[in-house]
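This report walks through one structure for a reader who is meeting it for the first time. It goes from backbone details to charged pairs, and then to a helix and the spaces in the fold.

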Amino acid sequence: MNSIRKILLVLSVFTLLWTGGCSFQNIKNASITGNKPASTETAGNAVSSQASPDDSVDTETVSELESVSEPESISELASVSEPEPFPEYDITLMAVGDNLMHMGVVYTGKQQDGSFDYSFLYEGISEFLENADIKIINQETIFGGNERGFSGYPYFNSPTEVGDAIAQSGFNVVLHASNHAADQGAEGLIACADFWDKYPDVLITGIYADKEKAGEIPLLTIDGITFAILNYTYGPNMEILPKSLEGHLNLLCNYDANTNQMDFTTLNPNVLTDIQKSKELADVVIVCPHWGAEYVTQPSSYQQEFAMQMTEAGADLIIGTHPHVVQPVEWITAENGNRTLCFYSLGNYVSTQKDGISMLEALAWVTFHVDENGISISEDKTGAIPLVCHYTSNPVRIQNIYLLEDYTAELASTHGIHSYGGVNLTLEDLTEWNEKILGDWALTKELLFNQSHSEFQ
């Protein structure tokens, strides 16, 4: 601050001298070297020779001017006046679709000693988990308690060891609002929510053990940026919402407050309220709806309508699940100017379904760039990594989740779906579906590496 004061003092004296007749050329030619102006004597002679005899300079001011210690260099002067550049950086997000625990998947995790281990399910995407900051998985099936026994479709109950593997693999966000969230009733849903208390670093969204917390916005802060991550399901596979579920399960669709009749064509107004509330609490608002028609690769009219409403309300990113197949990715622009990136459906992550197209899956990868203007999505580092779920038959067991770029025609010929589902699945089929649905939004690991440089090293 003293240096700045002294510089201002120099300028004020030069201004005083100018009014006394000092030429601009003499001032402009003065250079800053060391602690005093170069050619001080020359500059003084110029002032004394051109000043009017009637003009006078305060002797105290001149004395203070002579004692001014100027900056040692121009770079020092620049450091005083110019702020440091903003340290720009990226925050990355990955998300996978339905963790659909059919009994073939459950039995795959059973060990010889009778225990269960499902860490193998996430080994195929371990590099993405290691490099992403936000890691989301949609847990399609409920952990209602191992004491209830395990079951598959239509009323699932999955081992809590699946949850252990999710947390230990590095996921830090679990979506639980699905149409199977109430397969074990309200008690099973609450038991599942309570299970996650052992993993405080994992953000659980969509279900609540305590209905008093249902209005709280789930928040995750990464490198000084706060993300709100909202999760809703169209319904719990029931046309009449049980009273016991109210306040425990986030609903995407509206329902009659008197009859509890579900209205699957109308967006729940609470969704828009939550988005608006999130805008006040977070830098980025992510909405994860469980929606759409099963096995249909194009978004339904109500998906598009709901996405537009969420965009208008202020959602920055939409990541959808439920259809069990991949659906397109697109930017949505509302009339009020808001813009949202929407992944309509990521398909499954793990399953033993019998539809060939359900074996093609997507891993959403979104890069947020932070600079002095705020945070935005970097389109050249954002898209969907195509995956393939591979299982064997006789018995049906999960083998691995592959990146499509690593999948081979030989692997496709050994897929269990040939005998279990009666489907002739080929690598050409998977490649064609990927090109048709994801198009230019499809990324490869190699392409992502080349674009983001620091990833996967």
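H322 lies in the loop between β12 (317-319) and β13 (329-333), where helices (H or I, at least four residues) and strands (E, at least two) are DSSP runs numbered from the N terminus. The model is a predicted one, in which local features need pLDDT of at least 70 and side-chain atom pairs count only at pLDDT 80 or more, while totals for chains, interfaces and linings use all residues. Residues are numbered from 1 along each chain as its sequence is written, and side-chain values use heavy atoms, with hydrogens and water left out.

**Backbone details**

Most residues other than glycine have a negative phi, and most peptide bonds are trans. H322, which is not a glycine, has a positive phi near 115°, and H324, also not a glycine, has a positive phi of about 70°. H324 is placed in the loop between β12 and β13. Are these two histidines buried or exposed? With buried meaning under 20% relative accessible area, exposed over 50% and partly exposed in between (1.4 Å probe, protein chains only), H322 counts as buried at 2%, and H324 is buried at 4%.

Two cis peptide bonds can be described as well. One runs from Y153 to P154, with omega near 5°, and P154 belongs to the loop between β4 and α8. Another runs from N394 to P395, with omega near 0°, and P395 is found in the loop between β18 and β19 (397-403).

**Salt bridges**

How many salt bridges does a search of the whole structure find? The search finds seven, a salt bridge being a side-chain nitrogen of Lys or Arg within 4 Å of a carboxyl oxygen of Asp or Glu. The table lists some of them.

| E187 | R148 | 3.6 Å |

The side chains of E187 and R148 meet in a salt bridge. This pair links distant parts of the chain, with E187 in helix α9 (residues 185-195) and R148 in the loop between β4 (134-138) and α8 (160-169), 39 residues apart. E187 counts as exposed at 61% relative accessibility, whereas R148 counts as partly exposed at 36%.

Because D164 lies in helix α8 and K198 in the loop between α9 and β6 (203-205), the pair ties together parts that are 34 residues apart in sequence. D164 is buried, with a relative accessible area of 15%, while K198 is partly exposed at 49%.

**Helix α9**

An α-helix has 3.6 residues a turn, so residues three or four places apart point the same way. In α9, the buried residues are A186, G188, L189, C192, A193 and F195. What covers them includes α8, by contact, which means heavy atoms within 4.5 Å.

**Spaces in the fold**

Rolling a probe the size of a water molecule over the atoms shows where empty space is left. On a 1 Å grid over the protein atoms alone, a cavity is a set of points where a 1.4 Å probe fits but cannot get out, and a pocket is an open set with protein on both sides within 12 Å along at least five of seven lines; lining residues have an atom within 4 Å of a point. Grid points are joined across faces, edges and corners, and a volume is the space filled by probe spheres set on the points.

There is one cavity of 30 Å³ or more, and the largest cavity has a volume of about 40 Å³. Its lining includes Y208, E216, Y232 and D274, and strand β8 (residues 225-233) gives the largest share, three residues.

The second largest pocket holds about 460 Å³ of space. Of its 18 lining residues, D197, I204, I207, Y208 and K213 lie nearest its centre, and the elements giving two or more residues to this lining are α9 and β6.
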